[in-house]
Amino acid sequence: MGFNKNVGKTIAVYSFVIGILYAIFGILEILVGWGDLIGTGVSLIQPIELAGVNVVPPDVFGGIMLIIIGAVYLTGVRQQARGKREGLSFLLVGSLLAAIFFGVYVVILLANGVGYVFQFEDWLEWIWLDDLRPGIWLFLLALPGAYLALTKKEWRE
Amino acid sequence: MKAKEILGEDPEIVLADKRYDLISTILATSLVRGAKKWTLTDMLDKVFIHKTLGIPVFIALFWAMFRFAYDASAPFMEIIGLFFEKLAEASAGIPNEILASLIGDGIFGGLGFILTFIPPIFFLFLGISILEDSGYLARAAFIMDKIMFKLGLHGRSFIPMLLGFGCNVPAMMATRSIEGEKDRLITLLVNPFISCGARLPVYVLIAGAFFGSMAPTAVWSMYLLGIVVAILLALLLRKTILRGEPAPFIMELPLYKAPTFHGSVIHMWERGVQFLKKAGTYLLAGAIILWFLSTFPWGAEVELSYTGQIGHALAPIFSPLGFDWRIVASLVFALLAKEIAVEALGIIYAVEGVSAIEGALVASYNPVIGYTLMAFTLLYIPCVATIGTMKKESGSWKWTIFQLVLTLVLAYVVGLIITGIGAILGYA
Amino acid sequence: MVYTVALIGNPNVGKSVIFNNLVPGARQHVGNWPGKTVEKKEGKCVHKGTELKIVDLPGTYSLTARAVDELIARNYIVEEKPDVVVHIIDASNIERNLYLTFLLLELEANIVIALNMFDVAKEKGYKIDVKKLSKQLGVPIVPTVATTKEGMKKLNDEIVYAAQKKGLVKVKPVITYGEKIEDLIQSIVDIIKDGMLAQKYPPRWLAIKLLEKDEDILEKIKGNRYQRELMEVLS
C-alpha cells in the first residue's frame, strides 16, 4: 500500500503526539535546569521525582535538544496529513535523532555504571535510575514510527 | 591577439564550460537515466539541509557528539589515572632515590596524567568519524559554509576547526584539503584558538576551584571564547593582510550510508594516533624536563628550584594580570603541552591531587585571576607539537613565528581586559 | 619488469577499496609524498605473471595548482609518467567524475577507467552504454563493483594490457574544445614547442594550462626566452 491520505493521517497524528511529548519534556528539562545554568541553584520549577527517582534531569541544553527533536517531528505533520510522501522524511530524521540521543544517553548511563562499579569518587552517590531520562524512554515510544519509516519501502514510491 | 578578447571571456572559464558541454554531449548518447527514484539520501537531505531545521539539527547532532565524547569517557579517564597512580606508587620502591623520583613523579605522574586524556580525545574523533562516514559531515560543512563564507573562512575549514576540539595537531594536518593558500593559512593561524582536549584539564581544575556549581558554564565559556576569537581573527586577517574572497566551495555530497563500526574505528585511530605520537614524544620529554627543573637543585624547595627561578624572573611581566611566579612557572611549562600546567601547579604548590591543588589556588588567588588564567591558557602560545605542525603545514617560519607572537599578544590583551572588568566589578 | 600504475579519482568513489583489492594489506606501504605531509599509499602486486607497483594518488575533483593534493596528483602523472593511470569513476555520479577524465586526457596519460559503484548506478535507474562511452573517450572502460570485487579481474587484465601497449600506439586527442580554443592552443604550442618544457611535458597540455593561467606552469616558464611572446597572447 502506497503512502496515501489515510495512512498519512494516522502517521500525522503519531508524529504530532511524539513531537509534542519531546517538546514538553524539553521545556521541563530547561525549567528544572535553569537554576544550575545561571548559578543560583534555584530552578524555575521543582525537580520532578517519581518514587524518589529524578525523572526530569536539570539540563538546559539537553532540553533544547529535545525541543529540536520535537520540532522535526512536528514539521512533518502537515505534509503527512496530506498524504505527501515528503512528510516521511521528517518522521525518518526525527526517529534517527531520537535514536541517536537514546544511544548516547544509554552509553553515558553504562559508562557511569562503570564508574560506579569501580567506586570512583564522583560516582559513589550515583543511582542508575536517575540516568533514565526522557531522552531514553521517549525513544521507546518513537520506535514504532522509526520502524515503519525505515521498512515501509513502498511508501517511498 | 589576446586570448581573452578572442574568446570573449576568461579562458579558464571557457575551458571549464567546454568540458562540461562535451560531457553532456557524450553522456547524451551513452547514458540513460531511469525514472528518478526517490532515494534514502533524498529523504534524509530534505531535513538535514532544510532551510529552518537544518541548523538546529546540526546543533543537536554535534551537541550529542560532544556529550558522548566527554561524558562517556569520564570513568575511563579515572581508570587510566588509577593505573598510573598504582605504577607511581610501585616505583617508590626503586632503590635509587633520584631514579625513583624520575620514574614515579616525572614519568608516571606527569605523563600518566596526560594520558588520562586519551578517552575524551579518542571518543571525540570516533564521533567525528561516524558523522563523516555516514555522509552527514559533508552536509554539515555545506551548512556551515554559508556562515563561514561571511566570516571570511572557507567551508572546508569546518572539519579542521571541528577536529581542533580534540587536538590541534591532526586538525591542522586536515587543512590540506583546503584550496587556496590564503584560506588554508587563515585556517591554520586561527586553529589553535579552538580549545583542544589538552586545555580541558586546566579549565576543569581552575573552574572547579573557583566557580563551584557554575564550573561547567565557566568551562563552556572558554570554548565559546575560543570560537569567537578565532572568528574575529579570521575576519581581521581577511580584511588586512590576507585579503581576498574565499575560493568557491564546490563539494560533492556523497550518498548517505550506515557507517561501519570497523571503518569508523580505523578513522578514529588515524587521527587519534597523532595525539598519541605527540604524547609519546613532546609530552614525555616535557614531563621529564619539568621534573628535572623542579626537582633540582636536589632537595631544594620548589621556589628555589630552577622552575621557581624561571617563574620569578618572568613574573614582573605578568603582574598586571595578577599572575605570580607560581602561575608564570606553570605557564612556561605548559608550553610543552598545555595539560602540563596542572601537574606543574601541583609540583609548585607541593601538593598532590586535584582537590589539593584547587585548595591551594583558592587560597592564593581570587576568581578574576582564575578566569584570566583560564583565558590565558586558551589563547597563549600553542604547545610545541602544534608549533611544529604549523611549521610543517605552512612551510614557513615567518607565519609560524607570527602565530607565536599573535597568540601571546592576544592572550595578554584579553587577560588585561578580563582583569579590567574584574577591577570594575570590585576585585583587587 | 615492473609497471607503475597510478590510481586517481574523486573523493568517495571507492578508490581505497580498489587499492585494497589490488594490493593485499601486507604488501601495502604508507608514507608521505616527499616534502609534503600528504599521505602516500603504495604497494606491489602480481597479476598473470606481471609485477605491478600501484600508487594511490590523493582523491581530487580536479588538477589545478591551487590545492596541495591536486598538485601532488598532477605532478606525479606528469613527472613520474606512470605506465598506466587508472581513473576510478563513480558511475552513479558520472557527470561530475568525467571532468577529471578530461583533465587526464589532456595530460595524455595512459588511462584505464574503472566505472565503479556500478550497482548504485543501476539502483538509481541508470543505463550506461559502456562500449559507446569507451569509444567516445578513446579509453578502455571496465564496470566494477569494488565492494564485491565484481569486475576486478577484468580491470587487472586491462591494466596489464594498457601497460604493455603504452608508447606503442600514439594517443591522438579524441577530445577537442571547438575551433576558437583549438586555434589558440595551437598558436601557443607553436611558440613553446621547441623549448625545454615541451620536451618534458605534453605540449598541448602546457598550452591549455598556460591559457588557464595555471600558477605552477606560469612559474615554470619564468625566464624562458619565449615568455614575452607568450604573455602577449595570454593576457
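To begin with, what share of the contacts in chain C with a separation of 6 or more is accounted for by residues 24 or more positions apart?

Mentor: Please keep in mind throughout that this is a predicted model. The share you ask about is 65%, counted among the contacts in chain C with a separation of 6 or more. Chain C holds 235 residues, of which 43% are buried, and its secondary structure comes to 11 helices and 8 strands.

Let us take the sheet of chain C before we turn to the helix. Here 7 strands form an open sheet with mixed pairing, and their order is S2-S3-S4-S1-S5-S6-S8. The edges are taken by S2 and by strand S8 (141–143), each of which has a single partner strand, so that one side of each is left without a neighbour in the sheet. On average, and with direction ignored, neighbouring strands of this sheet are turned by 25° against each other.

In general, strands of a sheet pair through backbone hydrogen bonds, in either the parallel or the antiparallel sense. Strand S1 (residues 2–9) and strand S4 (residues 50–56) of chain C are a parallel pair with 6 bridges, and in this pair C:Tyr3 stands opposite C:Leu52 of S4(C). S2(C), by contrast, runs antiparallel to strand S3 (residues 39–47) of chain C and is joined to it by 5 bridges, with C:His29 standing opposite C:Glu42 in S3(C).

Now for the close look, which I would give to helix H7 (179–192) of chain C. At 1.5 Å a residue, the 14 residues of H7(C) should span 20 Å, and this agrees with its end C-alpha atoms, which are 20 Å apart. The buried residues of H7(C) are C:Ile181, C:Leu184, C:Ile185, C:Ile188, C:Ile191 and C:Ile192. When you look down the axis of H7(C), these buried residues fall within an arc of 120°, and therefore they line one face of the helix. On the other side of H7(C) you will find C:Glu179 and C:Asp183, both exposed. What covers the buried residues includes parts of two chains: helix H1 (3–7) and helix H2 (11–30) of chain B, together with helix H8 (196–200), H9 and H11 of chain C.

That cover leads us to the contact between chains C and B, to which chain C gives 37 residues and chain B gives 33 residues. H7(C) is among the elements that supply two or more residues to the side of chain C touching chain B, and others include helix H2 (68–80), helix H5 (130–137) and strand S7 (127–128) of chain C. The most, 6 residues, comes from H3(C). By class, this side of chain C has 19 nonpolar, 7 polar and 11 charged residues.

How values were computed
Residues numbered from 1 in each chain as written. Chains lettered and ligands numbered in written order. Predicted model: local features only at pLDDT ≥ 70, side-chain atom pairs only at ≥ 80, totals over all residues. Contact = placed C-beta atoms within 7 Å. Helix = DSSP H or I, 4+ residues; strand = E, 2+ residues; numbered from the N terminus. Nonpolar A, V, L, I, M, F, W, Y, C, P; charged D, E, K, R; others polar. Buried ≥ 20, exposed ≤ 12 C-beta atoms within 10 Å, placed from the backbone. Pairing = 2+ DSSP bridges. Expected span 1.5 Å × (residues − 1). Arc of directions from axis to C-beta. Axes fitted to C-alpha atoms, helices over the stretch in contact; angles between N-to-C directions.
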